[in-house]
Amino acid sequence: MKLYRAQLMHTPASPFVFPDALQVLDDGAVLVGNGRILATGSYTELRAAHPQAEGVDLRGGVLLPGFVDTHVHFPQVRIIGGLGLPLLDWLDTYTLPEEARFGDPGHAAAVAREFVSGLASHGTTTALVFGSHFASAVDLLFREASRVGLRVVAGQVVSDRMLRPELHTTPERAYAEGRELIGRWHGQGRNLYAVTPRFSLSASEGMLDACAALMREFGDVRFTSHINENRREIEVVRDLFPGSRDYLDTYERAGLVTRRSVLAHSVHPSDRELGVMAEHRCTAAHCPCSNSALGSGLFPLRRHLAAGVHVSLGTDVGGGTGFSMLKEGLQAYFMQQLMGEQGYSLTPAHLLYLATRAGAEALGLHGLTGDFSVGQAFDAVYLRPPEGSTLHTVLRHAESAERTLAALFALGTQADVAQVWVQGDEVYARGPQPTPEVAR
Ligand SMILES: O=c1[nH]c(=O)c2nc[nH]c2[nH]1
Ligand SMILES: [Zn+2]
């Protein structure tokens with residue numbers, strides 16, 4: 001057993017429902033055995049009750065639940081930063097040419113390493129991942145996630161039109177390869193499978209039906225896709241599905257809108273779509289950096305909440321600008337501030353919830369990860385800014401835990417991630433810090 005001592009913060013409940021949901025232990029501790037949290041509480045009390053536990057002293061930083069990124073693309077690591085284009089042009093110019101390279105196992109294996117280490121080194125312990133159009137590359141992604149120990153929910157991306165020929169498949173082949181991948185990876189170690197049509201624009205009704213067949217056959221695989229991201233995209237989808245009421249209806253008709261569904265973006269939903277998403281308890285994955293970079297629009301968080309739609313957060317690498325869930329939280333805050341009365345003023349507690357527990361709920365994993373409640377896996381990120389950094393200075397002077405948390409979102413980067421665990425296993429540790437220069 002290990003006793004981790006630190007300043008702890010977590011949100012076991014939603015601050016959107018319970019204003020005092022943020023739980024803070026200034027001198028706190030988590031007792032961990034076999035990767036599971038056995039107790040969470042004051043250090044003094046837990047140490048007295050468990051004198052034999054091995055101590056891990058993490059004072060000087062902040063321990064948070066590992067981040068849960070609910071929308072991120074494996075084959076897009078190397079195209080992060082393709083700024084200046086709207087969605088459909090960005091896909092044609094930067095994204096699809098890169099994704100076409102993943103039929104080459106050497107390329108796919110190299111990017112799988114970059115991708116998984118990118119997630120882990122930013123404190124993300126669970127991710128809902130858009131895989132590759134190539135089944136062989138999806139295998140390599142799951143293999144790398146297993147080697148490192150990260151939790152991934154991932155799937156083969158399927159499409160049968162409008163992209164480029166190398167990325168197209170058929171409904172029959174998508175079903176067959178999906179079945180094989182599910183058999184190999186779903187529920188193996190920390191891996192889960194997500195059925196993943198790219199978006200209705202690139203998936204015919206037949207393709208969506210093949211996805212629905214997999215969802216019916218495998219009762220607990222997850223579903224993910226894109227929705228209502230960009231106005232031009234929405235127009236094209238309307239033309240491609242003349243019989244559908246709206247974008248959501250293209251998925252709804254196939255039976256793909258359920259509690260197991262996470263739909264990325266939802267920037268331009270109708271009231272009908274929000275009502276149906278709430279009724280079926282599916283999640284909207286909000287990707288604020290991507291929405292800003294691609295000029296997609298301002299996410300109507302207040303309307304989602306009013307309709308009762310569950311909302312989580314995603315980086316959307318590579319439309320997004322990196323793996324940092326801290327940056328995503330800050331950008332979500334900025335965008336809501338800029339929306340005036342239509343925005344929702346987010347507190348640091350909301351940001352932490354969106355970056356952790358909300359994602360676990362979206363994936364149906366809230367009994368396993370997302371906070372430090374007893375029985376959960378010990379999935380955690382230890383943030384400790386290097387001495388001399390601005391964040392280090394601000395934390396030293398922070399007057400409350402809320403101010404500390406706000407500063408972590410405002411200033412925190414990959415450089416502040418000191419250590420990361422999944423189910424008690426260390427999946428990332430920062431290298432030695434350069435000694436601050438001594439003034440002579
Ligand atoms: O942000 C996005 N990234 C993508 O790769 C994509 N494909 C379809 N729609 C998309 N949106
Ligand atoms: Zn995306």
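Q: Helices (H or I) are DSSP runs of at least four residues and strands (E) of at least two, both numbered from the N terminus. With that settled, where does Gly318 lie?
A: Gly318 is in the loop that runs between strand S13 (310–313) and helix H12 (325–338). Before we go on, this is a predicted model, where local features need pLDDT of at least 70 and side-chain atom pairs count only at pLDDT 80 or more, while totals for chains, interfaces and linings use all residues. Residues are numbered from 1 along each chain as its sequence is written, and chains are lettered from A and ligands numbered from 1 in the order in which they are written.

Q: Thanks! What kind of peptide bond joins Val317 and Gly318?
A: That bond is cis, with omega at about 5°. For background, most peptide bonds are trans, and most residues other than glycine have a negative phi.

Q: Which way does phi go at Met162, positive or negative?
A: Positive, at about 70°, although Met162 is not a glycine. You'll find Met162 in the loop between strand S8 (157–158) and helix H5 (171–185).

Q: And what is phi at Ser266?
A: Near 50°, again a positive value in a residue other than glycine. Ser266 sits in the loop between strand S11 (261–265) and helix H9 (271–279).

Q: Are those two buried or exposed?
A: We go by C-beta atoms placed from the backbone: a residue with 20 or more others within 10 Å of its own is buried, one with 12 or fewer is exposed, and anything in between is partly exposed. Ser266 is buried because it has 28 such neighbours inside 10 Å. Met162 has 17 within 10 Å, so it is partly exposed.

Q: Switching topic, what surrounds ligand 1?
A: His73, Leu87, Leu91, Thr95, Arg198, Phe199, His226, Glu229, Ser290, Asp316 and Gly319. A residue is in that shell if its C-beta atom, placed from the backbone, lies within 6 Å of the ligand.

Q: Which element gives the largest share of that shell?
A: Helix H2 (residues 87–99), which supplies three residues.

Q: How do the shell residues split by class?
A: Three are nonpolar, five polar and three charged. Here Ala, Val, Leu, Ile, Met, Phe, Trp, Tyr, Cys and Pro count as nonpolar, Asp, Glu, Lys and Arg as charged, and the others, Gly among them, as polar.

Q: Nice. What does UniProt mark at residues 62–427?
A: An unreviewed entry there places the feature "domain: Amidohydrolase-related" on that span. UniProt positions are given in the numbering used here, feature names are shortened, and annotations may be inferred rather than shown by experiment. In the model, the span is 42% helix and 17% strand, and its end C-alpha atoms lie 18 Å apart.

Q: How is the protein divided into domains?
A: Domain 1 takes 2–65 + 369–429, and domain 2 takes 67–338. Those bounds come from an automatic or database domain assignment. Over C-alpha atoms, the two centres are 30 Å apart.

Q: How many residues take part in the contact between them?
A: Domain 1 gives 17 residues and domain 2 gives 18. Helix H16 (401–411), S15 and S16 each supply at least two residues of the domain 1 side. That side of domain 1 divides into 10 nonpolar, five polar and two charged residues. Contact means that the C-beta atoms of two residues, placed from the backbone, lie within 7 Å.

Q: Tell me about H3. How far does it reach?
A: Helix H3 (residues 105–120) has 16 residues and reaches 22 Å from its first C-alpha to its last, close to the 22 Å expected. The expected span is 1.5 Å times one less than the number of residues.

Q: Which H3 residues are buried, and what covers them?
A: Ala108, Val111, Ala112, Phe115, Val116, Gly118, Leu119 and Ala120 are buried. Their cover includes strands S5 (67–73), S6 (124–130), S15 (417–422) and S16 (425–429), along with helix H4 (135–148).

Q: Last one: what does Ala154 touch?
A: Not counting residues up to four places away in sequence, Ala154 touches Val129, Gly131, Val138, Leu141, Phe142 and Ala194. Ala154 belongs to strand S7 (residues 151–155) and counts as buried because it has 27 C-beta neighbours inside 10 Å. From Ala154 to Ala127, 27 residues apart along the chain, the C-alpha separation is 8.0 Å.
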